[in-house]
Amino acid sequence: MSLKGAIDTHVHSGPDVRARKTTSYELARAAREAGMRAIVLKNHHCSTVPLAAALSEALPGILVRGGLVLNRPAGGWNAEAVEAALKMGAAEIWMPTLSAENERAFRGYPGTGMRALDEKGRLLPELIAIIRLVAKAGAVLGTGHLSPEETCAVAALAREEGVRSILVTHPEINFIAMPVETQRRLLGRGLYFERCFCRAGFHRDWSGLARDIRGAGFESTILATDLGQPDNPHPVEGLEQFAERMRSEGFSAEEIERMTVANPAVALGLE
Ligand SMILES: [Zn+2]
């Protein structure tokens, strides 16, 4: 399937703390070669904003955007780091991933991670300030590796504060496993489920993923890869395979275009 105009809103490349399949430069070149419109570089440990800006300038014809994940290397719930990243042009601010209590508890390290809610179930004041900054900048808010409960609370406030786009990061990964009923409750303007390339560690296979998309609606789905791991397919090939898999699951070419081209463009404010 052609990737003309496609956008991958979630991809990992080097330099990184972990080994990666490609460098960011190689990845951006491959995406341009495939006719893609844009990629969003994600790094769990540092801002990708300056790197993305340099690649966009060096490689006319492909838009490379970056952002910041609020893990401990970024200072956790650090509004100053968010403000700086947004001023430098961050497309997306992600909630914690590797530092999230939700993921750490799942992996057997309970009590060592970052939570979005206090003991009474209220959003942390630092997080409220961050959501307001994202809203003001017109950037995307990604829900990272928060639990479904935390994700719902963050999405509700983000809406209230006028955040333009909310991307619910891979709701099908095993430590999130957001039920489709919860996904349906979250539906609304500007909210997208960023469904990623199926692999080990996901609680859905391709058919299950297709069922989730039908359950919540392709109108609110973005197909992204979250690829870049050395043992998985190259991210550009992965996005193509993802589209083909969904085609064999019965989605029409128009529906796939909506999920790979149109929805991510609207989410990123490129229309
Ligand atoms: Zn990722």
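**Helix packing and cores in a predicted model**

Colleague: How do the axes of α3 and α5 cross, and at roughly what angle?

Modeller: The axes of α3 and α5 come within 9 Å of each other and cross at roughly 10 degrees. Helices (H or I, at least four residues) and strands (E, at least two) are DSSP runs, numbered from the N terminus; axes are lines fitted to C-alpha atoms, for helices over the stretch in contact, with angles from 0 to 180 degrees between N-to-C directions. Because angles under 35 degrees count as roughly parallel, over 145 as roughly antiparallel, 65 to 115 as roughly perpendicular and the rest as oblique, α3 is roughly parallel to α5. The angle asked for is roughly 10 degrees.

Colleague: On what basis are such values given?

Modeller: The model is predicted: local features need pLDDT of at least 70, side-chain atom pairs count only at pLDDT 80 or more, and totals for chains, interfaces and linings use all residues. Residues are numbered from 1 along each chain as its sequence is written, and side-chain values use heavy atoms, with hydrogens and water left out.

Colleague: Which residues of α5 make the contact with α3?

Modeller: Contact means heavy atoms within 4.5 Å. On the side of α3, the residues are A79, V82, E83 and L86. Their partners in α5 are I130, L133, V134 and A137.

Colleague: Which residues touch the most other members of the largest nonpolar core, and which element supplies its largest share?

Modeller: A nonpolar core is a set of buried Ala, Val, Leu, Ile, Met, Phe, Trp, Tyr and Cys residues joined through side-chain atoms within 4.5 Å, where buried means under 20% relative accessible area, exposed over 50% and partly exposed in between (1.4 Å probe, protein chains only). Of its 43 residues, W77, I93, L127 and V154 touch the most other members. The largest share, six residues, comes from α5.

Colleague: Which residues does V154 contact beyond its neighbours within four places in sequence?

Modeller: V154 is one of the buried residues of α6. Leaving aside those neighbours, V154 is in contact with M95, A116, L123, L127, I131, L141 and L146.

Colleague: Is L186 buried or exposed?

Modeller: L186 lies in helix α7. Its contacts outside four places in sequence include T151, A155, V168 and F193. At 6% relative accessibility, L186 counts as buried.
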